[in-house]
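Here is a friendly note for a colleague who is opening this structure for the first time. Please keep the viewer at hand while reading.

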Amino acid sequence: MEKLINTFAELSSCCTRTGKTIWQAAQEREADQNDMTIEDFRNIVKKNLTAMKEAIQNGLNSNEMSMSGLCGNDCSKLIERYKNERSLLGKTFERITTYALATSEENIRMGKIVACPTAGSCGIVPAVIIGVSDELNLDEEALINALITAGEVGRIVSNKVALAGAVAGCQAECGVASAMSAAALTQMRGGTIDEILNAMALAIKNLLGLTCDPVCGLVEVPCVKRNPFLAIHAVTASELALSGITSKIPPDEVIDALEQTGKLMSPTLKESSQAGLAKTRTAIDLEKRLLK
Amino acid sequence: MKQSSLLDIISPVMVGPSSSHTAGAVRLGLLARNIYNEKPSKVTFKLYNSYALTGKGHGTDKGVLAGLLGLSVDDTRIKDIFNLDISKQFEYEFEYLEDFNRHPNAVDFIIEGKHSMKISGDSIGAGEVVIRKINDFTVKCTGKYNTLLLVYKDVPNMISRVTNSIHVNIASLHCDRYAKGEDASMCVCLDGDIDKKVIDFLGLIEDVYMIRYIKKLES
């Protein structure tokens with residue numbers, strides 16, 4: 001077993017050599033490092049998956065606003081629309097967008113969610129994994145495999161870039177969540193190792209430079225609505241990768257670009273609310289009203 | 001490269017909205033609770049910088065209080081903590097401060113009771129926290145390890161007497177003192193768990209004034 005896997009190239013060669021999937025290789029290493037059985041490890045992942053499902057359900061059933069009063073009642077609008085009108089892109093699109101919004105809104109009303117990788121990006125991975133499971137007719141074990149795949153991809157990115165808006169902007173939070181979801185979805189649809197890693201790379205490549213400029217410093221505007229957007233972004237990446245389209249820049253180099261972009265990004269656009277949406281006229285007015 | 005766990009990426013299960021401002025605040029409260037280890041009569045929470053500025057919208061004030069009361073990061077009662085009976089155990093107040101010498105997400109717990117204690121910590125991102133000071137001693141307590149904390153008189157052989165009694169692997173060891181021969185502190189992070197008997201035994205060592213065993217926080 002490979003004890004040290006720090007890059008996507010190492011992950012890919014380990015899987016190719018041993019004939020294991022990403023989730024198989026990852027669960028063996030994690031069980032070994034944490035002194036537990038593979039079954040124990042999968043049970044922890046299962047517990048988190050269950051918490052994700054509960055967050056979606058709670059979010060779908062609530063209309064409560066956040067403490068600031070800025071967000072909280074948008075998911076219900078989406079649900080209402082889909083009662084009478086089908087989405088152009090079908091049922092799965094409807095599930096993914098509503099689940100992502102439901103989870104994000106549950107987060108800002110201080111409900112229970114799973115930070116994946118962060119609280120502000122908590123709606124993306126659950127919406128994709130759980131949102132497509134009905135359509136694909138997959139059992140719980142397959143969802144656990146997908147969540148392990150997502151976690152392993154996020155872990156390798158985090159070896160190079162801290163997954164925090166204050167360090168590298170939103171590309172490192174919602175951007176990485178979208179890349180993790182693209183990998184998970186490609187795993188769920190039977191993609192090869194190469195296809196999974198390409199989906200990850202394609203997703204992140206198209207989100208480079210995404211800033212973190214939250215209005216009033218709160219995890220609400222634009223974070224909440226960004227979750228459904230980037231959940232759908234993951235589906236696009238997975239579709240492209242499954243058709244054999246590859247990222248011309250290899251996965252590890254895409255992460256190098258993510259790291260460099262994060263470093264070059266102005267500190268005013270990294271969770272400090274000193275520029276961008278946070279310093280628009282309306283945002284400044286809100287700030288005066290809410291943070292006095 | 002230090003090996004990370006993928007479980008850190010797909011957790012914690014927590015109440016929102018922010019891992020640093022909500023979950024981190026609860027974890028700092030939990031560590032302060034275990035360090036103080038007595039029933040307070042009054043607590044002043046000093047929230048600094050970003051914790052002061054955006055703390056209310058993120059429930060940071062509720063988080064530090066809930067943690068000090070022993071609630072875990074995924075406890076849905078955190079939201080209503082100010083209205084619950086459990087929060088009436090002691091008097092408390094909040095102060096909101098700016099100090100650019102402090103971390104953006106810093107908090108001081110000024111705890112009064114049978115003994116008084118000041119505990120300072122930072123929320124350093126993604127829910128990770130560090131307690132950096134207890135009264136005037138620097139310490140490093142993250143909640144990631146079972147941690148043994150001692151305050152004692154700075155005399156020769158104190159470190160060896162402590163480490164000789166511990167039979168699990170020591171992940172890190174940090175000592176500090178006011179001055180030679182004066183009060184000193186020791187912070188020992190452990191890979192495993194130690195028996196209460198060992199802690200009681202260490203507490204009997206001459207010149208040890210205070211000993212605490214702070215259990216690892218659940219992730």
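1. **Ground rules.** This is a predicted model, in which local features need pLDDT of at least 70, side-chain atom pairs count only at pLDDT 80 or more, and totals for chains, interfaces and linings use all residues. Residues are numbered from 1 along each chain as its sequence is written, chains are lettered from A and ligands numbered from 1 in the order in which they are written, and side-chain values use heavy atoms, with hydrogens and water left out.

2. **The contact between the chains.** Chain A brings 44 residues to the contact and chain B brings 29 residues, where contact means heavy atoms within 4.5 Å. About 3000 Å² is buried between the two chains, and carbon and sulfur atoms give 62% of that area. Buried area here is the accessible area (1.4 Å probe) that two parts lose on being put together, summed over both.

3. **Polar contacts and the chain B side.** Between chain B and chain A, 13 residue pairs are in polar contact, both residues being at pLDDT 80 or more. A polar contact is a pair of N or O atoms within 3.5 Å; within protein, one must be able to donate a hydrogen and the other to accept it, and residues adjacent in sequence count only if both atoms are side-chain atoms. On chain B, strand 1 (13–15), helix 1 (19–36) and helix 3 (55–58) each supply at least two residues of the side that touches chain A. Helices (H or I, at least four residues) and strands (E, at least two) are DSSP runs, numbered from the N terminus. That side of chain B has twelve nonpolar, 13 polar and four charged residues. In this classing, Ala, Val, Leu, Ile, Met, Phe, Trp, Tyr, Cys and Pro count as nonpolar, Asp, Glu, Lys and Arg as charged, and the others, Gly among them, as polar.

4. A:Glu64 and B:Lys79 form a salt bridge, with their closest N and O atoms 2.8 Å apart. A:Glu64 sits in the loop between helix 3 (38–60) and helix 4 (75–84) of chain A, and B:Lys79 in the loop between helix 4 (60–68) and strand 3 (91–97) of chain B.

5. Strand 1 (residues 112–114) of chain A pairs with strand 1 of chain B in the antiparallel sense, over three bridges. Two strands pair if DSSP finds at least two bridges between them. Within this pairing, A:Ile113 stands opposite B:Met14.

6. **The four-stranded sheet of chain B.** This open sheet has the strand order 9-10-8-11, with antiparallel pairing. Strand 9 (170–177) and strand 11 (208–214) of chain B each have a single partner strand, so one side of each is left without a neighbour in the sheet. From one strand to the next, the twist averages 10°. Strand 8 (residues 146–153) and strand 10 (residues 183–190) of chain B are joined antiparallel by eight bridges, and B:Tyr152 has B:Ala184 as its bridge partner.

7. **The six-stranded sheet of chain B.** Here the order is 3-2-4-5-6-7 in an open sheet with mixed pairing. Strand 3 and strand 7 of chain B are the edge strands, and the twist averages 20° from one strand to the next. Strand 2 (residues 42–48) and strand 3 of chain B pair in the parallel sense over seven bridges, with B:Thr44 opposite B:Glu93.

8. **Two hairpins.** Strand 5 and strand 6 of chain B form a hairpin with two residues between them, and B:Ala126 in the turn has a positive phi of about 55°. The hairpin of strand 6 and strand 7 of chain B also has two residues between the strands, and B:Asn135 takes a positive phi near 50°.

Definitions and conventions: Axes fitted to C-alpha atoms, helices over the stretch in contact; angles between N-to-C directions. Salt bridge = Lys/Arg side-chain N within 4 Å of Asp/Glu carboxyl O.
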